[in-house]
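Here is a short briefing on one protein chain. The overall picture comes first, then local points grouped by topic.

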Amino acid sequence: MRYKCLITDHDDTLLDSTVEIHYPCMVECLDVLRPGTPLSFDEFAHYNFDLGFHAYATDVLHLTPEEKQKQAAIWHEWVQTHHASFFPHVKHVLTRFKEAGGILVVSSHNEEQHILADFKEAGCPAPDAIYGWDLDIEKRKPAVYTIEQIEQQFGIAREEMVMLDDMKIGYNMCSAAGVDFIFADWARKPDTLRREMRQLATYTAENFLEVENILFG
């Protein structure tokens with residue numbers, strides 16, 4: 001294998017969750033918290049790409065702590081009652097990587113319980129570690145905390161790691177840590193975001209079989 005550790009994002013990298021869950025959920029949240037506020041899919045994608053959800057909620061929508069609690073409650077209801085579709089070949093590639101002795105880590109802005117539920121629903125092998133929304137904010141992507149923990153827990157050097165993500169926030173973490181980065185270019189997003197990520201990434205993959213080629217090439 002070219003890399004000993006695959007760090008993968010979750011939403012829109014492994015499964016089509018923004019289209020099927022997060023965007024319609026956010027539209028519902030706005031109907032409750034900011035009635036009459038329009039939000040196109042491309043706008044939502046730009047906010048998440050450039051800012052991340054925490055900054056979008058805090059700096060753009062200016063949600064109060066009480067409103068953030070309402071938003072979180074609506075989101076929890078959505079993720080507990082919906083399972084987004086995994087993209088083709090995810091189970092095959094992750095299973096092959098794990099069976100070959102690779103370490104599989106999820107770095108996400110989703111919560112661990114929902115990540116594990118999605119993996120179980122899809123029959124995918126469980127991650128060796130998850131660094132998600134449950135962490136303190138200063139430890140989440142794009143902080144390099146995840147990279148440091150992988151080094152300490154698994155004894156894997158940074159040049160032996162690669163990250164797979166569809167968002168710039170994952171690239172920023174890898175850039176700061178000196179870790180190779182694969183742009184997952186298959187989930188729906190504006191073309192301007194695709195072009196920027198293609199220029200930044202170490203590799204670009206248009207489907208999971210291309211990820212397999214990168215891991216085992």
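Helices, of at least four residues, and strands, of at least two, are DSSP runs numbered from the N terminus. On that basis the chain has 10 helices and 6 strands. Its radius of gyration is 17 Å, close to the 17 Å from the globule rule for 217 residues, so the chain is as compact as a globular protein of that length. The model is predicted.

**Overall build**
- The C-alpha trace spans about 50 × 35 × 30 Å along its principal axes.
- Of the 217 residues, 50% count as buried.
- Take the contacts between residues at least 6 apart in sequence: 64% of them join residues at least 24 apart.
- The accessible surface is about 9,900 Å², and carbon and sulfur atoms hold 48% of it.
- There are 19 positive and 36 negative side chains. The centres of the two sets lie 3 Å apart.

**Nonpolar core**
- The largest nonpolar core has 72 residues. Met 26 and Phe 208 have the most contacts inside it.
- Helix α1 (residues 17-33) supplies the largest share of this core, 7 residues.
- Beyond four places in sequence, Phe 208 touches Thr 13, Leu 14, Pro 88, His 89, Val 90, Val 93, Leu 94, Leu 164 and Trp 186.

**Helix α8 and its cover**
- Helix α8 covers residues 168-177. Its buried residues are Ile 169, Gly 170, Tyr 171, Met 173, Cys 174 and Ala 177.
- An α-helix has 3.6 residues a turn, so residues three or four places apart point the same way.
- The cover over the buried residues of α8 includes β2 (103-107), α7 (145-154), β4 (161-165), β5 and α9.
- Gly 178 follows α8, with a positive phi near 75°.

**Buried sites in a helix and a strand**
- Gln 71 sits in helix α4 (residues 65-81). Its relative accessible area is 10%, so Gln 71 is buried under the 20% cut-off.
- Not counting residues up to four places away, Gln 71 touches Cys 29, Leu 33, Phe 53 and Leu 63.
- Ala 129 belongs to strand β3 (residues 129-131). Ala 129 is also buried, with a relative accessible area of 10%.
- Beyond four places in sequence, Ala 129 touches Leu 104, Val 105, Val 106, Gln 153 and Phe 154.
- Ala 129 and Ser 107 are 22 residues apart along the chain, and their C-alpha atoms are separated by 8.7 Å.

**Arg 188**
- Arg 188 is in the loop between β5 (180-184) and α9 (191-200).
- Its contacts, leaving aside neighbours within four places in sequence, are Val 19, Phe 41 and Arg 194.
- Arg 188 and Thr 13 are 175 residues apart in sequence, yet 11 Å apart in space, C-alpha to C-alpha.

**Backbone points to check**
- Most residues other than glycine have a negative phi, and most peptide bonds are trans.
- Asp 12 has a positive phi, near 70°. Asp 12 lies in the loop between β1 (5-8) and α1, and at 9% relative accessibility it counts as buried.
- His 89 also has a positive phi, near 75°. His 89 lies in the loop between α4 and α5 (90-99), and at 40% relative accessibility it counts as partly exposed.
- Lys 141 and Pro 142 are joined by a cis peptide bond, with omega about 10°. Pro 142 is in the loop between β3 and α7.

Definitions and conventions
Residues numbered from 1 in each chain as written. Predicted model: local features only at pLDDT ≥ 70, side-chain atom pairs only at ≥ 80, totals over all residues. Heavy atoms only, no water. Rg over C-alpha atoms; globule rule 2.2 N^0.38 Å. Buried < 20%, exposed > 50% of the residue type's maximum accessible area, 1.4 Å probe, protein only. Contact = heavy atoms within 4.5 Å. Areas by Shrake-Rupley, 256 points an atom, 1.4 Å probe, with all protein chains shown as cover. Lys, Arg positive; Asp, Glu negative; His and termini not counted. Charge placed at Lys NZ, Arg CZ, Asp CG, Glu CD. Core = buried A, V, L, I, M, F, W, Y, C linked by side-chain atoms within 4.5 Å.
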